[in-house]
Amino acid sequence: MAEGLRVGDLVDDFVLPDETGTPRRLSDFLATGPVVLFFYPAALSRGCTAQSCHFRDLGAEFTRLGAHRVGISRDSVDRQREFADLHGFDYPLLSDVDGVVAARFGVRRRLAPGSLATRRMTFVIGTDRRVVEVIRGELDMNGHADRALRVLASRVDR
């Protein structure tokens, strides 16, 4: 597996279905503000629920900074819909069933089964498609959103 995207790297555009089955394009989000793209291992699992709910609960802060929150995992569209409906998420959850986008970002683990196949990582992406920050941490469920907010708040070119 490639090392993955790092700060300063240019992110290739991609299209994945969201929890409603609607195709969503990264560049469409970036046209109106930076994107906080967070990868999580498995919808409806305890840790991923905590992480995703924290992103939900900080929605006003992300909106104030003009940023889009976008979750992504290898779960099916139906599983993502169940997850979103259960927790009232106000942001899209993308379905990367084949792990193609996860592999591009360097969050896909080889030879790992099921939910272990995806690392918990967050990428703050500027409107120029450049990676502004990479946030790692398998066990710090709140840290991803908190750090992304601090990074966004410190940027002059919002």
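**Entry 1: the fold**

Before reading the pattern, I noted that helices are DSSP runs of at least four residues and strands are runs of at least two, numbered from the N terminus. I then read along the protein chain of this predicted model and wrote down β-β-α-β-α-α-β-α-β-α-β-β-α. That comes to 6 helices and 7 strands. The radius of gyration is 14 Å, close to the 15 Å that the globule rule gives for 158 residues, so the chain is as compact as a globular protein of that length. I also looked up the span of the C-alpha trace along its principal axes, and found about 40 × 35 × 30 Å.

Next I asked what share of the 158 residues is buried. I found 52%. Then I took contacts between residues at least 6 apart in sequence, and 63% of them join residues at least 24 apart.

**Entry 2: helix α2**

I picked helix α2, residues 46-57, to look at next. Its 12 residues reach 16 Å from the first C-alpha to the last, close to the 16 Å expected at 1.5 Å a residue. Which residues of α2 are buried? My list includes Gly 47, Cys 48, Gln 51, His 54 and Phe 55. The buried residues of α2 pack against several elements, among them β3 (35-39), β4 (68-73) and α6 (143-154).

**Entry 3: Phe 62**

I moved on to Phe 62, which sits in helix α3 (residues 59-64). Is Phe 62 buried or exposed? Its relative accessible area is 0%, and buried means under 20%, so Phe 62 is buried. Leaving out residues up to four places away in sequence, I found that Phe 62 touches Val 36, Phe 55, Ala 67, Arg 69, Ala 145, Ala 148, Leu 149 and Leu 152. Phe 55 is also one of the buried residues of α2. I checked Ala 153 as well: it lies 91 residues from Phe 62 along the chain, yet their C-alpha atoms are separated by 9.3 Å.

**Entry 4: two positive phi angles**

Last, I looked at backbone angles. Leu 44 is not a glycine, but its phi is positive, about 75°. I found Leu 44 in the loop between β3 and α2, partly exposed at 25% relative accessibility. Arg 129, another residue other than glycine, has a positive phi near 70°. Arg 129 lies in the loop between β6 and β7 (131-136), and its relative accessible area of 30% makes it partly exposed.

Note on methods. Residues are numbered from 1 along each chain as its sequence is written. This is a predicted model: local features need pLDDT of at least 70, side-chain atom pairs count only at pLDDT 80 or more; totals for chains, interfaces and linings use all residues. Side-chain values use heavy atoms; hydrogens and water are left out. The radius of gyration is taken over C-alpha atoms; the globule rule is 2.2 Å times the number of residues to the power 0.38. Buried means under 20% relative accessible area, exposed over 50%, partly exposed in between (1.4 Å probe, protein chains only). Contact means heavy atoms within 4.5 Å. The expected span of a helix is 1.5 Å times one less than its number of residues.
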